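Please look over the sequence and the model shown here, and then read the notes on a pocket and on a pair of helices.

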Amino acid sequence: MSHIDINALIKNYGGLEVIHGINAHIEEGEFAVLVGPSGCGKSTLLRMIAGLEEITGGEISIGGRVVNDLLPKERNIAMVFQNYALYPHMTVAENMGFSLRLKKVSKDEIARAVNRAADILGLGELLERTPGQLSGGQRQRVAMGRAIVRDPAVFLFDEPLSNLDAKLRVKMRAEIKTLHQKLKTTIVYVTHDQIEAMTMADKIIVLEGGHISQVGSPLELYDHPANRFVATFIGSPSMNILPATTRADGKVELADGQILQLDHKSKPGVAIDLGIRPENLFFAPDGNGLNGQLTLVEPTGAETLVSCTCAGSDFLATVKERVNLPPGSAVAFSVEPGKYHFFDQKTGLVI
């Protein structure tokens with residue numbers, strides 16, 4: 001059993017509390033991603049699971065066993081860092097098998113474990129090379145292989161793709177997800193990149209300021225964000241937020257007086273933040289809709305990003321059309337029916 005339970009977990013650095021009594025459960029075999037902006041506590045939480053940071057309060061258990069007072073080597077976990085930390089003078093095979101050698105495992109058993117990991121990761125032809133003879137992606141696979149040979153109950157990944165270029169990050173995302181499908185081992189993965197979180201995770205745990213903001217599957221968080229922070233953090237480009245006020249006729253009024261028919265069920269006179277994702281907007285054919293002034297057009301090939309100002313706020317639409325309009329042009333957008341969100345302006349919670 002390798003499920004993870006986190007109960008009322010607290011972390012202090014002197015008088016500064018950075019993790020504020022959080023609770024979370026990660027199922028056995030689940031790929032859980034801790035995501036959030038810099039300073040939210042995600043790496044600190046991962047290091048507490050690993051035993052690299054002391055726990056101030058609360059409890060962490062792995063497989064039903066409380067690990068608060070256990071050393072990292074006693075927790076049956078393996079960690080892959082942003083820095084590959086490979087020994088430059090050792091071959092790939094020696095790097096991968098080093099932890100087993102320290103445990104006095106027989107040479108034959110080490111060879112079997114290394115060859116198995118190499119087969120899984122496509123490293124069979126590289127076993128006699130040194131790290132200096134490898135690409136960045138190959139070095140990352142070696143670091144993963146070093147973790148695999150330990151046959152841990154839990155893999156911990158701390159932003160392992162941050163040092164790779166964009167194309168290689170996409171490739172390695174797929175490789176790590178494929179690895180999880182093969183091994184079916186519990187994975188806890190830290191990233192600040194919400195695209196990594198969306199494409200890889202079974203469960204996403206969104207952290208903000210040392211608190212858990214929401215937990216759910218990628219599409220649950222995308223379709224049903226619990227608050228304004230999750231709504232704007234999950235999804236790329238980010239969700240548009242427009243201050244507005246509800247009306248008695250089911251419409252909303254924007255800060256510049258524009259009226260939108262959105263068929264809301266809130267009571268009238270409520271100050272809200274209206275959330276609309278860029279991909280849920282399209283040019284209004286009759287020019288009637290959400291009116292704004294164009295500031296920038298960014299063609300990406302398959303889509304065009306149209307930046308505007310609307311009701312005093314920055315506003316972005318992702319459209320399929322090729323747009324050839326100068327800055328300052330008046331534009332109008334329709335909102336896909338039902339594809340909008342209301343958030344309380346004071347609390348940020350979904351209404």
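## The largest pocket

In this predicted model, the largest pocket has a lining of 18 residues, and Met79, Phe81, Ser99, Arg146 and Arg150 are those nearest its centre. A pocket here is an open set of points, on a 1 Å grid over the protein atoms alone, where a 1.4 Å probe fits and protein lies on both sides within 12 Å along at least five of seven lines, while lining residues have an atom within 4 Å of a point. The elements β6 (77-80), α2 (92-102) and α4 (136-148) each give two or more residues to this lining. The space in the largest pocket is about 490 Å³, a volume filled by probe spheres set on the grid points, which are joined across faces, edges and corners.

## Two packed helices

Helix α3 (residues 107-121) packs with helix α5 (residues 166-183) at an angle of about 130 degrees, and their axes are 10 Å apart. That makes α3 oblique to α5, a word for angles that are not under 35 degrees (roughly parallel), over 145 (roughly antiparallel) or 65 to 115 (roughly perpendicular). Axes are lines fitted to C-alpha atoms, for helices over the stretch in contact, and angles run from 0 to 180 degrees between N-to-C directions. Contact means heavy atoms within 4.5 Å, and helices are DSSP runs (H or I) of at least four residues, strands (E) of at least two, numbered from the N terminus.

| Helix | Residues that meet the other helix |
|---|---|
| α3 | Arg116, Ile120 and Leu121 |
| α5 | Leu179, Lys182 and Leu183 |

## Basis

Residues are numbered from 1 along each chain as its sequence is written, and side-chain values use heavy atoms, without hydrogens and water. Local features need pLDDT of at least 70 and side-chain atom pairs count only at pLDDT 80 or more, whereas totals for chains, interfaces and linings use all residues.
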